[in-house]
Amino acid sequence: MTTRDTDWDGVRLHVVTGKGGTGKTTVAAALALALATAGRKVLLIEVEGRQGIARLFDCPPLPYQERKVAIGLGAEGAGQGGDVYALAVDPEGALLDYLEMFYNLRRTGKALTRLGVVDFATTIAPGLSDVLVTGKATEATRRREGSRGSAHVYNAVVMDAPPTGRISRFLDVSTEVSGLAKVGPIRTHADTVARVIRSPQTAVHFVTTLEEMPVQETLDGLAELRELTGDAIRAGGIIINMARPALLDPASLAAAASGSLDVTELAVGLKAAGISDNHGLAADLMTELRDHALQVALQDREREELLTAGQPHYELPMIPDGIDLAGLYQLAATLRKQGAA
Amino acid sequence: MTAKPVRLDMDRIIDDRRTRIIVCCGSGGVGKTTAAAAIGLRAAERGRQACVLTVDPARRLAQSMGLTSLDNTPRRVDGVQAVNGGSLHAMMLDMKRTFDEIVEAHADPDRAAQILANPFYQSLSSSFAGTQEYMAMEKLGQLRHAEEWDLIVVDTPPSRSALDFLDAPQRLGRFLDGRLIRLLAVPAKTGMSAMRVLNAGFAIMTGALTKILGTQVLKDAQTFVTALDTMFGGFRERAETTYRLLQTPGTAFLVIAAPEPDALREASYFVERLDAERMPLAGLILNRVHTSPAGRLSAARSLAAAETLEMQDRPDAPATEGQRYSIAAAALRIHAERMQLNKRERRLAEHFTSAHPTIPVAEVDAQPEDVHDLAGLRVIGSILSKQGA
């Protein structure tokens, strides 16, 4: 087996977005682990200055520098995977980088920072800072070991991007900038960035939970992406996070939801397990069973609504103990099993 | 050993006529909008003339409050069971429109048109990360000034960090009053001769800016800054007036969080920040808490019992018995999971309360379904107030 079939073969820049609270950073990290099979190198980029990646991988705050944070998820029963690097990009660092890379102007860049130019540029025109940040991600995506035609440094880049409400604007850099700059170097730069983002090499994945608002935002986000960019930016998968699996068959769930399950029957079942029904324990457990059934029903409705978008979807379970490193690998394995990586 | 938090008495805050502003803040996705709407509704139904200023409500919740369009003016909410002259209005913030209105109110028509058409203004007014926060503050100031409502409940913009709400207006104000803006405005105002007296860094700076941005962008920026210069001299002052309003005792800050590490970390930062700024903090609302009516049965015991049942599940057993056992086993597993979650959430909440033992806390149970009507809001409101009892 030399190549595995995944849903996103050919995609090298994975942009991960999602509403706040849906676990976007966690999913981005799990995706990076899943993509880093043996011999591959994956870069995980954070753009919002939250140091969420450092917390997840339990390492010191990330500087504006690519460093190795983890070993990827190995193939099942076949040792360890490749390398996962991480980088925290901020507009200021990206600007200095840009000045150095294209104009060899690092020192001037520092002077500009002192004068508040960076603050100025990123405040007055958020489009500019978006270009700088996405520019760094696309640069890492395109970077090669040596001359043209040599291997890429990173097999894949995963970007923990801004939330769903802002993602289309964030990615639609050339339009953002063209309002401000018709010509000039930043425009040229924006166009280069846009070419990568608008190529089949880039896909935008949406992370959501099975709740009303995140689902609505996901659908709105997908629609906005299509509308703003006319399908030029490829919509990726919908990654459902923190799903609670149904613990009962559909018929019993329906009965539990409508309140028609018999409490005395439940009490008999409990007794068989050595638990007596004192102080109305069975009735209390029945209440929880009903909550569970209602939640499963809500999840089913929301899932159905999500599927109307027609995008491939993946489903990650809720991990009741909270996310630690082991939990991340577990999510990575689930993503890989479902074909996301 | 666990620190027992003081309970937040929401009704006391609502019923105190001196409370004029309630600010709901917290990181994104913790249920700020729902909390703000629930508090507004409860206040109206307890006799206050309340206005809820919301930023980004879920569609169905917005519809239930009669907010079908973003029209930037408070609309009366129907279906409120108001007593003693209470009423509820609600509005969704349109940040660009609020900004446009400020421009139109403070500049003559020609200049206003010039500003509104400038690409920098358009970029700033529709996408600057702090504009929404600034405009929420501005709108709050306007609503408060209108004296039509005796209680305004504000839902702060969804942002990465809860602190943005406090910082962004000042950042915008500082930016518009900033040194660089002054520098950029100089050539247009006094001509190039004045530039020679400025420090030598300026030449390097404009050189580099031209290199990065191009001449056209720099020119547009200068035009924009010059146009704004006259009318926005007091921009920072406006931000500071609203800021001071928030420091008065008539304001009550509520920090909203979910029992998640990130949300509670943000809540901690915010609480400390409010304290440093002498802003009146009323308490913490801990949303979406998982409790169990059967807390006397531990997760471990419940799980063990479920396993016992599952092992007894023989294929030759009568069908009814199998069914009975599988339902009981599922109930026990569901309970065990809930207890596990509850334990984790308790620990997280205790982290917060041991660090901030004097801050009153109200907990709201996770609802099995989303809140999207007044009845649902009423339930949240009553849960919030039960805490004081």
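Mentor: Two strands are said to pair if DSSP finds at least two bridges between them, and the strands themselves (E, at least two residues), like the helices (H or I, at least four), are DSSP runs numbered from the N terminus. The model is predicted, so local features need pLDDT of at least 70 and side-chain atom pairs count only at pLDDT 80 or more, whereas totals for chains, interfaces and linings use all residues. Residues are numbered from 1 along each chain as its sequence is written, with chains lettered from A and ligands numbered from 1 in the order in which they are written.

Trainee: How do you know that E1(B) pairs with E6(B), and which way do the two run?

Mentor: DSSP gives 5 bridges between E1(B) and strand E6 of chain B (residues 251-257).

Trainee: What joins E1(B) to E5(B)?

Mentor: Strand E5 of chain B (residues 151-155) is joined to E1(B) by 4 bridges, again in parallel. Here Val23(B) faces Val154(B).

Trainee: What makes E3 and E8 of chain B edge strands?

Mentor: The open sheet of chain B has 8 strands in the order E3-E4-E2-E5-E1-E6-E7-E8, with mixed pairing. Strands E3 (75-76) and E8 (361-365) each have a single partner strand, so one side of each is left without a neighbour in the sheet. Further in, E2(B) (residues 49-54) and E4(B) (residues 87-92) run parallel and share 6 bridges; Val52(B) has Ala90(B) as its bridge partner there.

Trainee: How do you know that helix H2 of chain B packs on the sheet?

Mentor: Contact is the criterion: the C-beta atoms of two residues, placed from the backbone, must lie within 7 Å. H2(B) (residues 32-44) touches E1, E2, E4, E5, E6 and E7 of chain B. Angles run from 0 to 180 degrees between N-to-C directions, with axes fitted to C-alpha atoms, for helices over the stretch in contact. On that scale, H2(B) makes about 170 degrees with E2(B). Helix H13(B) lies across E1, E6 and E7 of chain B, at about 160 degrees to E6(B).

Trainee: Why is Glu147(B) called exposed?

Mentor: Glu147(B) has 8 other C-beta atoms within 10 Å, so it falls under the limit for exposed residues. It sits in the loop between helix H7 (131-146) and E5 of chain B, and its phi is positive, about 55 degrees, although it is not a glycine.

Trainee: Is Arg278(B) buried or exposed?

Mentor: Arg278(B) is exposed, having 9 C-beta neighbours inside 10 Å. It too is a non-glycine residue with a positive phi of about 55 degrees, placed in the loop between helix H13 (261-276) and strand E7 (281-289) of chain B.

Trainee: What is meant by the largest nonpolar core, and which residues touch the most other members?

Mentor: A nonpolar core is a set of buried Ala, Val, Leu, Ile, Met, Phe, Trp, Tyr and Cys residues joined through C-beta atoms within 7 Å. The largest has 171 residues, and Leu31(A), Ala32(A), Leu33(A), Leu44(A) and Val158(A) touch the most other members. Helix H1 of chain A (residues 24-35) gives the most to it, with 9 residues. Another core, of 31 residues, lies apart from it and includes Leu248(A) and Ala306(B).

Trainee: How do you know that the buried residues of H12(A) are on the same side?

Mentor: Those residues of H12(A) (residues 263-272) are Leu266(A), Ala267(A), Gly269(A) and Leu270(A). The arc is that of the directions from the helix axis to the C-beta atoms. They cover an arc of only 160 degrees, which puts them on the same side of H12(A).

Conventions: A residue is buried if 20 or more other C-beta atoms lie within 10 Å of its own, exposed if 12 or fewer, and partly exposed in between; C-beta atoms are placed from the backbone.
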